[in-house]
Amino acid sequence: MAAAERITDRIVYHGEGPCWSQQWGGLRFVDMVAGDVLTLTPAGEVTRRHYGDVAAIVRPRTGGGAVVAVERGFVLEDADGTLSQLPELWGADAGLRMNEGGCDPDGRFYAGSMAYEQSGGAGQGRGSVFRLDPDGSVSTVLTGVTISNGLGFSPDGTLAYYNDTPTGRTDVFDYDREGGLANRRPFAQVNDSSGANNPDGLCVDAEGGVWTALFGGSAVRRYAPDGTLDAVVEVGARQVTACTFGGADLDELFITTSRENLADDDDPAAGSLFRHVPGVRGLPVLPFTG
């Protein structure tokens with residue numbers, strides 16, 4: 001079992017959605033409920049930009065800039081930094097917000113919603129997964145989800161991996177441009193009787209391995225393409241939220257963590273960024289073509 005290296009202080013409250021892009025010159029990730037996107041440069045400097053009450057997930061655009069899922073929809077950032085807020089996807093239900101997502105091989109951007117209130121099953125099935133197309137249209141591709149998390153695609157682009165955290169497992173879909181996400185089925189059972197290993201964000205490596213962050217489990221696990229567990233990376237914080245490959249050779253695994261709902265003196269490394277070199281390369285980030 002390997003261990004990740006802590007590379008920052010406690011810089012976020014609820015870190016999520018890490019993403020490496022050469023056009024950014026480094027790593028971006030979100031401090032979700034602060035509404036900020038952070039950039040970690042190769043020199044180790046960290047900068048922030050505020051996008052709204054929530055910044056749930058960020059991905060690059062092919063023409064420069066970024067697309068960001070905010071509390072109730074999407075924001076487009078142009079190459080010059082100009083921000084454009086797209087119409088809100090819902091207005092009447094203030095109890096929902098966006099959570100995790102990603103882009104598909106055809107350049108479309110996905111983000112899943114969840115309820116703020118989760119205690120006692122209050123959020124069960126209230127979320128959906130939305131897809132933003134390059135022409136600005138939005139469609140709903142999944143309903144009845146609870147805590148929508150990680151979305152990643154196989155190296156050949158024919159499979160999509162997805163976590164709805166309370167299910168305790170990673171699921172897999174067949175994918176093509178016309179059919180979209182289809183034939184959902186279990187890929188790997190992540191949670192166990194302890195209830196601690198909750199699947200959060202994920203990414204996929206160049207060999208087809210699926211790396212899943214364990215919220216409450218102090219680790220990231222790698223599942224082989226056949227769904228069997230074949231590697232574990234220990235993380236020095238309990239609430240591990242997401243991971244992505246980055247670095248010039250895409251051979252570094254960056255890992256975000258959270259101190260959400262923790263006392264200040266509980267879990268001192270929570271809210272820090274971690275890094276590990278696992279001996280396998282990742283896939284280049286899939287950008288939004290809009």
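# Notes on salt bridges, sheet, cores and cysteines

1. Arg275 has a relative accessibility of 25%, so Arg275 counts as partly exposed. Keep in mind that the model is predicted. Glu5 is also partly exposed, at 41% relative accessible area. Arg275 and Glu5 form a salt bridge, and their closest N and O atoms are 3.2 Å apart. Arg275 sits in strand S25 (residues 273-276) and Glu5 in strand S2 (residues 5-6), so this pair ties together parts that are 270 residues apart in sequence.

2. Stay with Glu5 for a moment. Which residues does Glu5 touch, leaving out those up to four places away in sequence? They are Leu273, Phe274 and Arg275. In sequence, Glu5 and Glu234 are 229 residues apart. In space, the distance between their C-alpha atoms is 9.3 Å.

3. How many salt bridges are there? The count comes to 18. Another of them joins Arg72 to Glu88, with the closest N and O atoms 3.9 Å apart. This pair links distant parts of the chain, 16 residues apart. Arg72 is in the loop between strand S8 (66-70) and strand S9 (73-77). Glu88 is in the loop between strand S10 (83-85) and strand S11 (96-103). Glu88 stands at 52% and counts as exposed.

4. Arg108 and Asp104 make a further salt bridge. Their closest N and O atoms are 2.8 Å apart. Both Arg108 and Asp104 are buried. Salt bridges can also join up into a network. Here one such network links Asp205, Glu207, Arg222 and Asp230.

5. Now the sheet. Four strands form an open sheet, in the order S3-S4-S5-S6, with antiparallel pairing. Strand S3 (15-21) and S6 are at the edges and have a single partner strand each, so one side of each lacks a neighbour in the sheet. From one strand to the next, the twist averages 25°. As background, strands of a sheet pair through backbone hydrogen bonds, which may run parallel or antiparallel.

6. Look at two pairings in that sheet. S3 and strand S4 (residues 26-31) pair over five bridges, in the antiparallel sense. Within this pairing, Trp20 stands opposite Leu27 in S4. Strand S5 (residues 36-40) and strand S6 (residues 46-50) are antiparallel as well, and pair over five bridges. Val37 has Arg49 in S6 as its bridge partner. S5 and S6 form a hairpin with five residues between the strands. In this hairpin, Gly44 takes a positive phi near 90°.

7. Next, the nonpolar cores. The largest has 30 residues. Which of its members touch the most others? They are Ala69, Phe74, Met98 and Phe109. The elements that give two or more residues to this core are strand S7 (55-60), S8, S9, S11, strand S12 (109-115) and strand S13 (127-132). S8 gives the most, with five residues.

8. Another core lies apart from the largest one and has 16 residues, among them Ala4, Val233, Ala237 and Leu253.

9. Last, the cysteines. A disulfide is a covalent bond between the sulfur atoms of two cysteines. How many disulfides does a search of the whole structure find? The search finds zero. Cys103 is in no disulfide, and the nearest cysteine sulfur, in Cys19, is 8.1 Å away. Cys103 has 5% relative accessibility, so Cys103 counts as buried. For Cys243, the closest cysteine sulfur belongs to Cys203, at 3.7 Å. Cys243 counts as buried because its relative accessibility is 4%.

Methods
Residues are numbered from 1 along each chain as its sequence is written. This is a predicted model: local features need pLDDT of at least 70, side-chain atom pairs count only at pLDDT 80 or more; totals for chains, interfaces and linings use all residues. Side-chain values use heavy atoms; hydrogens and water are left out. A salt bridge is a side-chain nitrogen of Lys or Arg within 4 Å of a carboxyl oxygen of Asp or Glu. Buried means under 20% relative accessible area, exposed over 50%, partly exposed in between (1.4 Å probe, protein chains only). Two strands pair if DSSP finds at least two bridges between them. A nonpolar core is a set of buried Ala, Val, Leu, Ile, Met, Phe, Trp, Tyr and Cys residues joined through side-chain atoms within 4.5 Å. Axes are lines fitted to C-alpha atoms, for helices over the stretch in contact, and angles run from 0 to 180 degrees between N-to-C directions. A disulfide is a pair of cysteine sulfur atoms within 2.5 Å. Contact means heavy atoms within 4.5 Å.
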